Amino acid sequence: MGADHVTQPTPYPDVNAVLRELLAAVQTILGDYFVGLYLYGSLSSGDFNPLSSDVDFLVVTTTALPGEVIAALEAMHTRLAAGGSKWAAKLEGSYIPQTALRRYDPAGPAYPTLNEGRFYLAPHASDWVIQRHVIRKQGVTVAGPPPKTLIDPIQPDELRAAVQGILRGWWSPMADTPGRLHSRGYQAYAILTMCRALYTLEYGEVVSKPAATRWAQQVLGERWGGLIEAAAHAWWHDTPFDRFGETVAFIRFAVECSQPLQTPIGEV
């Protein structure tokens, strides 16, 4: 791997500066435990929006980490977040041993996790079936071996099952108790996420928000097309978007589509 891949893993200089700092700190703390540092999420799928996106990362280790190393990682992330960089505060990710990364295990242990500014231990939820697929196919290698050498292929029906679980376990309850949907930008995010979920249900593959949005507008037509177009504009331009009732209805529509399919999604 050339030096450019380590020093310039993304098109965004400020993001790259934080990633260089993160890589150096992680390698220092982990030493021989370090295997690789990878980017997933919007930076690997083509969804990245400098106005609103996070920097999703995964660190792979040789084995589970001892407590003192985990404590050192927590202290390091606290220092990074306090350094004043917008992107240091936007880092979200986890640390996982390479044997555990290979296949998703719903009974797996808790892993060191950084999310919304908090560092804690948490098991990987079923969305990590999808994240593994994304990392394997299009993850950005900051340092380490190619991710496809660390992760077994994920089959289309595994992706569909993961999406069904997320829709029923996370989004369906939110439609019934939708307080979070009043957060800035969350309605638009929810609508675009539903488009991606519907695409995966139909094709057993994961695509970017723009690709899923174009597909959903074409397939779903007038019933949802205007809502999707307005949500996409608000998401990419970080503009106000408040179509609460329609957003809840679209979430419920996607959940309905996650039931055993009797007809193509466009005809539901």
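What follows is a walk through this structure, from the whole chain down to a few single residues.

First, some ground rules: this is a predicted model, with local features needing pLDDT of at least 70, side-chain atom pairs counting only at pLDDT 80 or more, and totals for chains, interfaces and linings using all residues. Residues are numbered from 1 along each chain as its sequence is written, and side-chain values use heavy atoms, with hydrogens and water left out.

Let's begin with the overall picture. Along the principal axes, the C-alpha atoms fill a box of roughly 55 × 35 × 35 Å.

How much of the chain is tucked away? Buried residues make up 48% of the 268, where buried means under 20% relative accessible area, exposed over 50% and partly exposed in between, using a 1.4 Å probe and protein chains only. As for contacts (heavy atoms within 4.5 Å), look at those with a sequence separation of 6 or more: 65% of them come from residues 24 or more positions apart.

Now zoom in on strand β2, residues 55-61. Of its 7 residues, 7 are buried, so the strand is largely enclosed by the rest of the structure. V55, F57, V59 and T61 point one way, while D56, L58 and V60 point the other. On the pairing side (at least two DSSP bridges between two strands), β2 goes antiparallel with β1, residues 34-40, over 6 bridges. With β3, residues 91-97, β2 pairs in the parallel sense over 7 bridges.

Two helical residues are worth a stop. S44 sits in helix α3, residues 42-45, and is buried at 12% relative accessible area. Setting aside neighbours within four places in sequence, S44 is in contact with L39, V134, Q138, G139 and V140. V163 belongs to helix α8, residues 156-176, and is buried too, at 6%. Not counting residues up to four places away in sequence, V163 touches I130, A197, T200 and L201. The C-alpha atoms of V163 and D127 are separated by 7.4 Å, although the two residues are 36 apart along the chain.

Finally, the backbone torsions. Most residues other than glycine have a negative phi, and most peptide bonds are trans. Which way does E116 go? Its phi is near 50°, a positive value in a residue other than glycine. E116 lies in the loop between β4 (110-115) and β5 (118-123), and is exposed, with a relative accessible area of 56%. D238 also has a positive phi, near 50°. You'll find D238 in the loop between α11 (222-237) and α12 (244-257), where it counts as partly exposed at 32% relative accessibility.

How values were computed:
Helices (H or I, at least four residues) and strands (E, at least two) are DSSP runs, numbered from the N terminus.
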